[in-house]
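Please read them with the sequence and the coordinates open.

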Amino acid sequence: MSESLVVCEVDEDLVKKLRDFRFRKETTNAAIIMKIDKDKQLVILEEEHEDISPEDLKNELPERQPRFLVYSYKYQHDDGRVSYPLCFIFSSPVGCKPEQQMMYAGSKNKLVQTVELTKVFEIRNTEDLTEEWLREKLGFFR
């Protein structure tokens, strides 16, 4: 590993919020958007959204800066069952600063392990975040 790769810690309040989010009772789509506080080298909460579609969620993401998302998605299976997978999405748009890119990429695994998520996806263009894209990604977990 490169000496310049910074792996950021995860804010304790954020860890608690993410654990609570995992066990939420609501049945709507919801998201937590996280960013890195570069000065503190800490993953922190940026925004929370209730009842938000993938299409609306992509409009909340900066086009030129990376972000981490945890998205609770109401997934209607082909056989009629409904599940609520918790998806981790790393938005890493083309055109971000390389140092930012490295800081986020280096911190991604620690965040995923901290929150104990298994459905981990990455997008390189915020326009890719659509319902169709998410359903296709989740189809691999059936």
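1. Basis. This is a predicted model, in which local features need pLDDT of at least 70 and side-chain atom pairs count only at pLDDT 80 or more, while totals for chains, interfaces and linings use all residues. Residues are numbered from 1 along each chain as its sequence is written, and side-chain values use heavy atoms, with hydrogens and water left out.

2. Helix α1, buried side. Helices (H or I, at least four residues) and strands (E, at least two) are DSSP runs, numbered from the N terminus. Helix α1 covers residues 12–22, and L14, V15, L18 and F21 in it are buried. Viewed down the axis of α1, the buried residues fall within an arc of 125°, so they line one face of the helix. That arc is taken from the directions from the helix axis to the C-beta atoms. Buried here means under 20% relative accessible area, exposed over 50%, and partly exposed in between (1.4 Å probe, protein chains only).

3. Helix α1, surroundings. The buried residues of α1 are covered by elements including β1 (9–10), β2 (30–37), β3 (42–50), β4 (67–72), β7 (86–91) and α3 (98–115). E12, D13 and K16, on the other side of α1, are exposed. At the start of the helix, a side-chain oxygen of D11 comes to within 3.3 Å of the backbone nitrogen of D13. A polar contact is a pair of N or O atoms within 3.5 Å; within protein, one must be able to donate a hydrogen and the other to accept it, and residues adjacent in sequence count only if both atoms are side-chain atoms.

4. Helix α3, geometry. How does the span of α3 agree with its 18 residues? At 1.5 Å a residue they should span 26 Å, and the end C-alpha atoms are 26 Å apart, which agrees. The expected span is 1.5 Å times one less than the number of residues. α3 bends by about 35° at K108, the bend being the angle between axes fitted to the seven residues ending there and the seven starting there. Just after α3, E116 has a positive phi of about 55°.

5. Helix α3, burial and S107. Residues buried in α3 include Q100, Y104, K108 and L111. S107, also in helix α3, is buried with a relative accessible area of 0%. A polar atom of the S107 side chain lies 2.8 Å from the backbone oxygen of M103. The backbone nitrogen of C8 lies 2.8 Å from a polar atom of the S107 side chain.

6. Cysteines. The structure holds zero disulfides, a disulfide being a pair of cysteine sulfur atoms within 2.5 Å. C8 is in no disulfide, and the nearest cysteine sulfur, that of C96, is 15 Å away. C8 counts as buried at 0% relative accessibility, and C87 counts as buried at 0%.

7. E122. This residue is in strand β8 (residues 119–123), and E122 is partly exposed, with a relative accessible area of 38%. Apart from neighbours within four places in sequence, E122 is in contact (heavy atoms within 4.5 Å) with F90, S92, K108 and W133.
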